[in-house]
Amino acid sequence: MISRRHFIKKAAAGVAVATIVPRFVLGGNGYVAPSDTLYIAGVGVGGKGTSDLTGFAGSPDGKTKGNPKARIAFLCDVDDRMAKQSRENFPNAPYYKDFRVMLDKESKNIDAVSVSTPDHTHAVISMAAMQRGKHVYVQKPLTHNIWEARMLTEAAAKYKVVTQMGRSEEHTS
């Protein structure tokens, strides 16, 4: 017969082992839980947007391999010609022409938004994404003036989102 004390000790030891063992051990190599996947929407997916999304996807050619921690979930661009490469790289990502329509329709399926559009639209798109509780990565320049920058700073705090401004880098041989 097992005493209550003995049972509780064994149960506590089992729970401790389960919380210490990393999740990937239980799920096999390369296991990424769906809740650990970041669903990214790209707005402005040509030019610099192409390389930003490729970087987020975590593979040199922009194709998702295995179970990446970041998934390019949606694409948005007003210029079909500029979006061609990203649409080929991420064929399963629905494509939109208007970021407002995409954010309204897909908000619940998006964790973060990458903004690589012409400079004069950065602040507007970033604000729209933050107002929906989305984290934002935006290419430089973030804004055209200090007032816009302050508004985005206040919005990031208000909506409790993480934001980052990127920059283009030139690679020399």
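# Sheet, helices and burial in a predicted model

Author: Strand β1 (residues 38–43) and strand β4 (residues 112–115) run parallel and are joined by four bridges. Across this pairing, alanine 41 stands opposite valine 113 in β4. The model is a predicted one, in which local features require pLDDT of at least 70 and side-chain atom pairs count only at pLDDT 80 or more, while totals for chains, interfaces and linings use all residues. Numbering starts from 1 along each chain as its sequence is written, and side-chain values use heavy atoms, with hydrogens and water left out.

Reader: Which other strands pair, and over how many bridges?

Author: β1 is joined to strand β2 (residues 70–76) by six bridges, again in parallel; leucine 38 has alanine 70 in β2 as its bridge partner. β2 and β3 pair in the parallel sense over two bridges, and leucine 75 stands opposite tyrosine 95 in β3.

Reader: What is the order of the six strands, and which are the edge strands?

Author: The open sheet has the order β3-β2-β1-β4-β5-β6, with parallel pairing. Its edge strands are β3 (95–96) and β6, each of which pairs on one side only. The protein has seven helices and six strands in total, and from the N terminus its elements run α-α-β-α-β-α-β-α-β-α-β-α-β.

Reader: Why are helices α3 and α4 described as roughly parallel?

Author: Axes are lines fitted to C-alpha atoms, for helices over the stretch in contact, and angles run from 0 to 180 degrees between N-to-C directions. Angles under 35 degrees count as roughly parallel, over 145 as roughly antiparallel, 65 to 115 as roughly perpendicular, and the rest as oblique. The axes of α3 (residues 48–57) and α4 (residues 80–89) cross at roughly 15° and come within 9 Å; α3 and α4 are therefore roughly parallel to each other.

Reader: Which residues form the contact of α3 with α4, and what is their class?

Author: With contact defined as heavy atoms within 4.5 Å, Thr50, Leu53 and Thr54 in α3 meet Gln85, Ser86 and Asn89 in α4. By class, this contact has one nonpolar, five polar and no charged residues. In that scheme Ala, Val, Leu, Ile, Met, Phe, Trp, Tyr, Cys and Pro are nonpolar, Asp, Glu, Lys and Arg are charged, and the others, Gly among them, are polar.

Reader: How do you know whether α6 and α7 are roughly parallel or roughly antiparallel?

Author: The axes of α6 and α7 come within 10 Å and cross at roughly 15°. The two helices are therefore roughly parallel to each other. In their contact, Ala123, Ser126, Met127 and Met130 of α6 meet Glu148, Met151, Leu152, Ala155 and Ala156 of α7. By class, this contact has seven nonpolar, one polar and one charged residues.

Reader: What makes α6 largely enclosed by the rest of the structure?

Author: Buried means under 20% relative accessible area, exposed over 50%, and partly exposed in between, with a 1.4 Å probe and protein chains only. Eight of the ten residues of α6 (residues 122–131) are buried, so the helix is largely enclosed. The buried residues are His122, Ala123, Ile125, Ser126, Met127, Ala128, Ala129 and Met130. Their cover includes β1, α5 (99–106), β4, β5 (135–138), α7 (146–158) and β6 (163–165). α6 lies across β1, β4, β5 and β6, running at about 165° to β5. Just after α6, glycine 133 takes a positive phi of about 80°.

Reader: How many residues does the protein have, and what share of them is buried?

Author: Buried residues make up 37% of the 173 residues.

Definitions and conventions
Pairing = 2+ DSSP bridges.
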